[in-house]
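Dear colleague,

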Amino acid sequence: MKSCKRLFSSFLMTILIVGLSLGHTFIDAKAENNDFYEATGATYTVDKTSLLVGEKIIIKVAATPTNANNLTDCKLVLSDDSVLHYTPTTNTDNDGKMWFEISALKAGTCAVTPAFTVCDENGDDLDTKITGTPITFTTTNIVYDNDIITDGKSPNITITIDENLENHLDITADDKSAIIYDGFAVGLDFDISNISDTISINDKDKIKNKIIELTDDETKINDIIYLNIDAFKKVYESLTPITELKNDVTISIEIPDEWILEDNSLRAYFIVRLHDGEANIIGGIFNPETKLFSFETDKFSTYALSYIDYTEDESEPKDSTKDTKEVPKTNDSTNPVAFMLMSFAVISVMFALKNKNTIED
């Protein structure tokens, strides 16, 4: 009897030494028969570790137990579950692996570690996890393909939009899939044309009448550039007209050299927008260094760019649509009076506080 016990002890010691030499982890089953269950860890297969937000991929996880009868409660341990999410899914290959669908929720990084629970031959949980080496996923936001198309007759124009295009228009799951899985271009396109020679007399009269309301003097109407600015939602080769966005974009128009005075304090630039038959004055800010006049808008149709001149003794005319608001004598953004224009729009300082991309023609 003692000899049998010595042989059994020697046998267990031999298993332990061989196991350690192979780099295996031995797990005490805590079962009545004191058997040992051995596993070498978890492994997994994944196609890539760089994902776009909204993208989904499959991760396949397996373990290599030599004596364990069962593996249950396979999980993925996420270092940041606000970046990635996972759900078990069907194993269509029947290859002995557990399959999980990984979804990218937002831009960031997240380490993923597979984990199993080892059970004994009776299916009892041993509370011992087999884990693999963490793998780090990097997720980035979708990049939209925005563009400006001009007729070559319009002034230089830039349009500034939010990096997240969903702040401006509806982006569907199908739109995102077209970007992620098909490589299609999805974005916001602008078509700009100079219609000064083709604008209808009716539309021109509506715009001029609005300027007269602003100045109270028909003789103060100066040069006018008439532009048609159209917006389109682009999905691959399909363009859908958009007449109104959910939030403003910023349009910056380069003022012609012949319109710029040495003393900018005596000239004010402005926009008249004609949308659905209604004309409205839109104020903005002129930057004398860049020669850009910037304003905000969320509607797309006909725009007219013009200016008003003053003398030192003249009072500021009022916009008849804004009873208490006045157009300033200067467009120099360094002069406090210039900021009165922004009573017709959002103050331009807010432009810099938004996370935006700029499109140039």
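Of the 361 residues of the chain, 41% count as buried, that is, under 20% relative accessible area with a 1.4 Å probe and protein chains only. This is a predicted model, in which local features need pLDDT of at least 70 and side-chain atom pairs count only at pLDDT 80 or more, while totals for chains, interfaces and linings use all residues. Residues are numbered from 1 along each chain as its sequence is written, and side-chain values use heavy atoms, with hydrogens and water left out.

The chain exposes about 19,100 Å², of which carbon and sulfur atoms supply 48% (Shrake-Rupley method, 1.4 Å probe). There are 3 helices and 22 strands (DSSP runs of H or I, at least four residues, and of E, at least two, numbered from the N terminus). Among contacts (heavy atoms within 4.5 Å) between residues at least 6 apart in sequence, 69% join residues at least 24 apart.

Lys234 has Leu239 in strand 15 as its bridge partner. The hairpin has 2 residues between its strands, and Tyr236 takes a positive phi near 60 degrees there.

As to confidence, the mean pLDDT (the predictor's confidence in each residue, from 0 to 100) is 75 for the chain, and 66% of the residues reach 70 or more. Over residues 1-37 the pLDDT is below 50, and this stretch has 31 contacts in the model beyond near neighbours in sequence. Residues 315-356 also have pLDDT below 50, with 105 contacts beyond near neighbours in sequence.

Yours sincerely

How values were computed: Buried means under 20% relative accessible area, exposed over 50%, partly exposed in between (1.4 Å probe, protein chains only). Two strands pair if DSSP finds at least two bridges between them.
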